[in-house]
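User: I'd like to learn how to read a fold like this one, feature by feature. Can you walk me through it?

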Amino acid sequence: VQLQASGGGLVQAGDSLRLSCAISGRPFSSTVMGWFRQAPGKEREFVAAIRWSRDSTHYADSAKGRFIISRDRAKNTVSLQMNSLKPEDTAVYYCAKGSVLTSQDYDYRSWGQGTEVTVSS
């Protein structure tokens, strides 16, 4: 499985950005796709996850109310719509594939290369 994240960039605080993750091959119904991020000097942290079949979602507290994760089964992509961005959202964002709807990164077996998001104040 290969994951290709895209959509990062430089934006101002309050702006929106949409990240996308292209998935090679067809995900199984049990597949869970997640987004994580890693800010400079910090550990990787969970952002959001979605179950491929049931559209069940799970968000980090920092993402609730601002970010929306979604999947397009026809295009085999997962997106992360990020609204009301803050400077503290600055990080490299990674998409990951697993089978458990969880925030624990060790439950995700495949990882994309990351896309960088910078939010200026």
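Predicted model: local features only at pLDDT ≥ 70, side-chain atom pairs only at ≥ 80, totals over all residues.

User: How do I read strand pairing, and which strands join S11?

Analyst: Two strands pair if DSSP finds at least two bridges between them. Strand S2 (residues 9–12) runs parallel to S11, joined by 4 bridges, with Gln12 opposite Ser120. S9 is antiparallel to S11, with 3 bridges, and there Ala91 stands opposite Val117.

User: What is the strand order in the open sheet of 4 strands?

Analyst: Read across the sheet, the order is S1-S3-S8-S7, with antiparallel pairing. Strand S1 (3–6) and strand S7 (67–72) are the edges, each pairing on one side only. Neighbours in this sheet are turned by 15° against each other on average, direction ignored; such angles come from axes fitted as lines to C-alpha atoms, and run from 0 to 180 degrees between N-to-C directions.

User: Where do the individual bridges of S3 fall?

Analyst: Take S3 (residues 17–23) and S8 (residues 77–82): they pair over 6 bridges, antiparallel. Leu19 sits opposite Leu80 in S8, and Arg18 has Gln81 in S8 as its bridge partner. On the S1 side there are 4 bridges, also antiparallel, and Ser6 stands opposite Ser20. S3 also has two faces: Leu17, Leu19, Cys21 and Ile23 are covered, whereas Arg18, Ser20 and Ala22 make up the uncovered one.

User: Is Ser79 buried or exposed?

Analyst: Ser79, in strand S8, has a relative accessible area of 8%, so Ser79 is buried. Contact means heavy atoms within 4.5 Å. Not counting residues up to four places away in sequence, Ser79 touches Arg18, Leu19, Ser20, Trp35, Ile68, Ile69 and Ser70.

User: Which residues touch the most other members of the largest nonpolar core?

Analyst: A nonpolar core is a set of buried Ala, Val, Leu, Ile, Met, Phe, Trp, Tyr and Cys residues joined through side-chain atoms within 4.5 Å. The largest one has 27 residues, and Trp35, Val78, Leu80, Met82 and Tyr93 touch the most other members. S3 supplies the largest share, 4 residues. There is another core apart from that one, of 7 residues, including Phe36, Phe46, Ala49 and Ala60.

User: How many aromatic pairs are there, and how do I classify them?

Analyst: Rings of Phe, Tyr and Trp (its six-membered ring) pair if their centres lie within 6.5 Å; planes under 30 degrees apart are stacked, over 60 edge-to-face, and the rest tilted. The whole structure has 4 such pairs. One of them is Phe36 with Tyr108, edge-to-face at 5.1 Å centre to centre and 75° between the planes. That pair links strand S4 to strand S10, across 72 residues. Tyr108 also pairs with Trp111: centres 6.3 Å apart, planes at 65°, so that one is edge-to-face too. Phe36, Phe46, Tyr108 and Trp111 form one aromatic cluster.

User: Which charged end sits over the ring of Trp111?

Analyst: That would be Arg44, 3.9 Å from the ring centre. The test asks for NZ of Lys or CZ of Arg within 6 Å of the ring centre and within 35 degrees of the ring normal. Trp111 is at 26% relative accessibility, so Trp111 counts as partly exposed.

User: Where is Asp105, and what is Asp105 in contact with?

Analyst: Asp105 is in the loop between S9 and strand S10 (108–111). Leaving aside neighbours within four places in sequence, Asp105 contacts Phe36, Arg44 and Trp111. Asp105 and Phe36 are 69 residues apart in sequence, with 8.0 Å between their C-alpha atoms.

Notes
Residues numbered from 1 in each chain as written. Heavy atoms only, no water. Buried < 20%, exposed > 50% of the residue type's maximum accessible area, 1.4 Å probe, protein only.
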